[in-house]
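Open the model in your viewer and keep the sequence panel beside it. The stops below say what to select and what is there.

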Amino acid sequence: MHVLDSSAFIDEYDVDGPAATVPEVRAELQDAASYRLTALEGSGMRVHVPDEAAVRRVEDAATRTGDADVLSETDVRVLAAALELDAVLVTDDYAMQNVADALDLAVEGVSKEGITERRDWNFQCQGCGREFDEDRERCPVCGSDLARKNPN
């Protein structure tokens, strides 16, 4: 089973075997990509709605890796579907691949090389330079914005 992100429809990924996606992907597609989703759905692709427990697991993993702020609701639901269906995630989105790695999900890229290692991001204050393991609205010391930073 493969769970397809929007990039699979946009870049004409050739799925071999059973496939699924989530309803939110349809809203991200236009023109030919939307027709591809409809055609795959007509030929048996499953449109899966993941349960809230799987969504929470994905959100927790995204928080741990530091990717929570860059994932859309659609991204979270696609990841949750792959988790629930014990499926291969098909996406070119590096943040999704990073969270998938944290969840031990298999990933296939569509038109780009996949990630080579998982990153657990840090956050650095743009004012005082202090670093934090998790994202916050503002720096608790000086009140400045935080930016995601590669820990390496």
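Helices (H or I, at least four residues) and strands (E, at least two) are DSSP runs, numbered from the N terminus. Along the sequence the pattern reads β-α-β-α-α-β-α-α-β-α-β-β-β-β. This is a predicted model, in which local features need pLDDT of at least 70, side-chain atom pairs count only at pLDDT 80 or more, and totals for chains, interfaces and linings use all residues. Residues are numbered from 1 along each chain as its sequence is written, and side-chain values use heavy atoms, leaving out hydrogens and water.

The C-alpha trace spans about 55 × 30 × 25 Å along its principal axes. Of the 152 residues, 41% count as buried. Buried means under 20% relative accessible area, exposed over 50%, and partly exposed in between (1.4 Å probe, protein chains only). Contact means heavy atoms within 4.5 Å. Among contacts between residues at least 6 apart in sequence, 50% join residues at least 24 apart.

**The main core**

Which residues have the most contacts inside the largest nonpolar core? Select Val3, Leu4, Phe9, Val58, Leu71, Leu79 and Val99; the core itself has 38 residues. A nonpolar core is a set of buried Ala, Val, Leu, Ile, Met, Phe, Trp, Tyr and Cys residues joined through side-chain atoms within 4.5 Å. Elements that each supply at least two residues include β1 (2-4), α1 (6-10), α3 (31-42) and α6 (94-102). Helix α5 gives the most, with 8 residues.

Now zoom in on Leu71. Leaving aside neighbours within four places in sequence, Leu71 is in contact with Ala62, Val76, Leu79, Ala95, Met96 and Val99. A second, separate core has 5 residues, among them Cys125, Phe132, Cys139 and Leu146.

Select α4 (residues 52-65) and α5 (residues 73-85). Their axes come within 8 Å and cross at roughly 115 degrees. Axes are lines fitted to C-alpha atoms, for helices over the stretch in contact, and angles run from 0 to 180 degrees between N-to-C directions. The two helices are therefore roughly perpendicular, a label for angles of 65 to 115 degrees. On the α4 side, the contact residues include Val55 and Val58; on the α5 side, they include Val76 and Leu83. The contact divides into 7 nonpolar, no polar and 5 charged residues. Here Ala, Val, Leu, Ile, Met, Phe, Trp, Tyr, Cys and Pro count as nonpolar, Asp, Glu, Lys and Arg as charged, and the others, Gly among them, as polar.

Asp75, Val78 and Leu79 of α5 meet Met96, Val99 and Ala100 of α6. This contact holds 5 nonpolar, no polar and 1 charged residue.

**Two loop residues**

Is Asp5 buried or exposed? Select this residue in the loop between β1 and α1. Asp5 is buried, because its relative accessible area is 5%. Not counting residues up to four places away in sequence, Asp5 touches Asp75, Val78, Val90, Thr91, Asp93 and Met96.

End at Arg130, in the loop between β6 (122-125) and β7 (131-132). Arg130 has a relative accessible area of 42%, so it is partly exposed. Beyond residues up to four places away in sequence, Arg130 touches Phe123, Gln124, Cys125 and Val141.

How values were computed: Parallel < 35°, antiparallel > 145°, perpendicular 65-115°, else oblique.
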